[in-house]
Amino acid sequence: MGNEAHDEYPKKIQACHSYSQKYKLKPLMLIILTNLFTIYIFIGPLSFFYHSSISPSDTNSMLHELNSTKAELAATHSILSELQHRLNSTNLLVQALLIDLTRQQDKPSSNSAVKLASEDSTTVVASDELGLALGPHKLPFGYSPRIGSDEIHTTVGTACMRFHEELHQYMAYEIGGECPVDDVLLGHRLILKGCEPLPRRRCRAKSPTNYVEPLQLPDSLWTTPPDTSVVWDPYTCKSYQCLIDSKNKYCNNCFDLQGMEISRWIFDDGGLDFGMDQVLATKTAGTIRIGLDIGGQTGTFAARMRERNVTIITSTLNLDGPFNNFVASRGLIPMHLSISQRLPFFENTLDIVHSIDSISNWIPDTMLEFLLYDIYRVLRPGGLFWLEHFFCFGSQLNTTYVPMLDQIGFNKLRWHAAMKLDRGIQKSKWYISALLEKPII
């Protein structure tokens, strides 16, 4: 009995397995038959009825709807472009409003003051106008990688902070009105103390009354300009004739164009006085074209060079006389600049730098060394440094100034040293005139 049950069990298992396989095959067969029937409909004889169900009119309708949809898409694209344009305009307007708001916030209030740090670690309180002039001023479009900042400061001499009372006085004026006539007195005093450059001012410089148009070149080079070309208020003399008669103490008859000025740099005496043509002859003709005359007084050196097709900028200060106005009236280029300031030229740009009387031992040695290196910097290779009448004591000649010039690296084309005899030999006062060349490496 037990054996029969044991024999029946495998048979039942096999029957169930066979039934399960048959059950699984039926859906598979149904799927295959369905696919075959579908294929028969599309490619068999009945396919004609299927394809013929779509009429040409239906096709045209579908094409019309497709074209309409494309037109609507194009119109929508145009609307989106217009909206994008308006959005950009709105963004620019908002940006401009934000910039104006930032500027308004940056302006000091009418009763406020700006604190500036001075060299001696103290705090100097600047007036509203001075603080506004110096900044910092936020850049309109924010951070600039070119300058590495989002703000810019106005240049002003570091020594200005030591003389803040005079600086406040200089910046006291009516905004938009006429500037006080103090550029010569107060402004020059600040510059000579090292407060250079001065801050800008928001006022109008006084103009001469009855101004007369200047003469044309070359007549203007050797003609004393009319008195109406100058505002004489800050000067002791009130006319050019007064300057000629009084012999301005800051130059030797330099306003008298028909006196000593007309013969300067014409003759070469083989000593301290070099002739201009002889100096220019040391270089290939036409290669000396542009240059600077440091402390050029009334611009006669520039006038002589102008006659030789050389353009010279004359740096000078208005020391109790309208030196800058006089130079400009002659048709030459004045630059209101002292020797304390870095020369406003890029490296290797000038053909010649000249100075007579201005550069001497009255300049502190360290300051003089910086100045000479600055002259070397702006001269091009092969450029000339014409140093005239450098004054010093005999004890300084070989111990200080000759080694200083040698260290800078100029080549000596001409060199002449002579004792100043009019003050007595026992005082051992010397002049140096030299023509130096920046070497071509």
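I began with Gln297, which I found in the loop between strand 5 (290-294) and helix 9 (300-306), where helices (H or I, at least four residues) and strands (E, at least two) are DSSP runs numbered from the N terminus. The model is a predicted one, in which local features need pLDDT of at least 70 and side-chain atom pairs count only at pLDDT 80 or more, while totals for chains, interfaces and linings use all residues. Residues are numbered from 1 along each chain as its sequence is written, and side-chain values use heavy atoms, with hydrogens and water left out.

I looked up the backbone of Gln297 next, and noted that its phi is positive, near 55 degrees, in a residue other than glycine. Gln297 counts as buried, because its relative accessibility is 15%; buried means under 20% relative accessible area, exposed over 50%, and partly exposed in between (1.4 Å probe, protein chains only).

I then turned to Asp320, which is not a glycine and yet has a positive phi of about 55 degrees. I placed Asp320 in the loop between strand 6 (311-315) and helix 10 (323-329), and at 30% relative accessibility it counts as partly exposed.

I noted the reason for checking such entries: most residues other than glycine have a negative phi, and most peptide bonds are trans.

For the peptide bonds, I recorded that the one from Glu196 to Pro197 is cis, with omega near 5 degrees, and that Pro197 lies in the loop between helix 6 (183-192) and helix 7 (240-246). I also recorded a cis peptide bond joining Leu217 and Pro218, with omega about 5 degrees, and I located Pro218 in the loop between helix 6 and helix 7.
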